[in-house]
Amino acid sequence: MSENQQDQPIKPVVVEHRRVVIQNSHGENLVGILHETGSRELVVICHGFRSTKERIPMVNLALAFERDKINAFRFDFAGNGESEGSFQYGNYSREAEDIRAVVEHFKREQRLVTAIIGHSKGGNAVLMYASSYNDVRTIVNIAGRFHLKRGIEGRLGKNFREKMERFGFIDVKNRRGEIEYRVTKESLVDRLATDTRLACQKIPLYCRVLTIHGTVDEFVPVEDAHEFAKYVPNHNLCIVEGADHEYTKYQSLLCSIVLNFVKTGLSKDELSPSCTNKKIIDSRL
């Protein structure tokens with residue numbers, strides 16, 4: 001190396017946060033934020049039930065990848081946040097289609113989508129995606145729900161079936177009596193008909209899946225995480241002691257676990273279908 005070459009300063013990585021609009025297969029515009037670092041690799045980050053791309057786990061995960069010079073894209077599903085469309089209670093397959101639109105968009109830009117990460121309901125959506133499409137080899141499910149028939153009474157009431165049959169919809173209200181969202185019979189049927197176990201079993205062996213779940217999750221019991229471990233062919237399980245549904249006190253740990261898992265996949269031969277099936281229990285808290 002010449003003296004002149006040695007004297008040249010190292011160019012810093014310029015990070016850009018750019019608003020990107022992508023049309024899904026139903027003609028609805030999905031709005032997201034691209035954390036552009038200049039790399040070819042990109043991870044897609046998906047939010048949960050009635051959430052948005054601006055919630056803390058999604059933002060912090062994107063920033064963690066940004067700091068490691070990996071592009072990240074966090075977006076709002078149709079009917080949520082800034083995206084067009086109507087909110088739906090079930091809609092798992094439609095959200096998988098939204099992810100498909102995002103992946104195809106970045107493929108056309110010659111990006112390499114290396115991982116899809118989903119929190120809560122978004123965890124179910126990314127697993128649904130992996131079971132239907134075979135083009136992303138690393139999936140991260142954060143606090144997803146395995147038993148979709150559970151948790152309904154808590155939101156809709158114990159007599160939700162009777163009310164749904166009578167009126168065809170249920171309006172969910174907050175403590176002030178204000179309507180927050182409407183659950184239609186169609187969307188409820190969609191949730192009840194979604195077969196999580198079958199979707200998990202259909203995920204190809206070469207797709208690495210990590211499930212992360214907190215032991216004090218107040219919405220989805222940690223036992224659901226162990227159900228994913230039973231049925232996903234190539235599964236890694238990480239239980240975080242003391243963490244709630246949004247990892248309120250453990251954001252740094254969550255980001256570290258996800259980033260390390262994704263980077264392990266990047267270090268492997270992308271064309272090789274062979275992966276380990278190791279169970280990880282994390283209790284370093």
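Begin by selecting His 245, which is buried, with a relative accessible area of 7%; buried here means under 20% relative accessible area, exposed over 50%, and partly exposed in between, with a 1.4 Å probe and protein chains only. The model on screen is predicted, with local features needing pLDDT of at least 70 and side-chain atom pairs counted only at pLDDT 80 or more, while totals for chains, interfaces and linings use all residues. Residues are numbered from 1 along each chain as its sequence is written, and side-chain values use heavy atoms, with hydrogens and water left out.

His 245 sits in the loop between strand 10 (235-240) and helix 10 (251-267); helices (H or I, at least four residues) and strands (E, at least two) are DSSP runs, numbered from the N terminus. If residues up to four places away in sequence are not counted, His 245 touches His 119, Ser 120, Ala 143, Asp 217, Glu 218, Phe 219 and Val 220, where contact means heavy atoms within 4.5 Å.

Next, show the largest pocket, whose volume is about 700 Å³. Of the 26 residues lining this pocket, those closest to its centre are Phe 49, Ser 120, Arg 155, Phe 219 and His 245. Two or more lining residues come from each of helix 4 (121-132), strand 7 (169-173) and strand 8 (179-184). By class, the lining has 7 nonpolar, 8 polar and 11 charged residues; Ala, Val, Leu, Ile, Met, Phe, Trp, Tyr, Cys and Pro count as nonpolar, Asp, Glu, Lys and Arg as charged, and the others, Gly among them, as polar.

On a 1 Å grid over the protein atoms alone, a pocket is an open set of points with protein on both sides within 12 Å along at least five of seven lines, a cavity is a set where a 1.4 Å probe fits but cannot get out, and lining residues have an atom within 4 Å of a point. Grid points are joined across faces, edges and corners, and a volume is the space filled by probe spheres set on the points.

The structure holds 1 cavity of 30 Å³ or more, and about 50 Å³ of space lies in the largest cavity. To find the largest cavity, select its lining: Tyr 92, Asn 124, Leu 127, Met 128, Leu 148, Thr 194, Thr 196, Ala 199 and Cys 200. These residues divide into 6 nonpolar, 3 polar and no charged.

Helix 7 (residues 185-193) is the next stop, and its buried residues are Ser 187, Leu 188 and Arg 191. Seen down the helix axis, these fall within an arc of 100°, so they line one face of helix 7; the arc is that of the directions from the helix axis to the C-beta atoms. On the other side of helix 7, Glu 186 and Ala 193 are exposed.

Finish at Arg 50, in the loop between strand 3 and helix 2 (56-67), which has a positive phi of about 50° although it is not a glycine.
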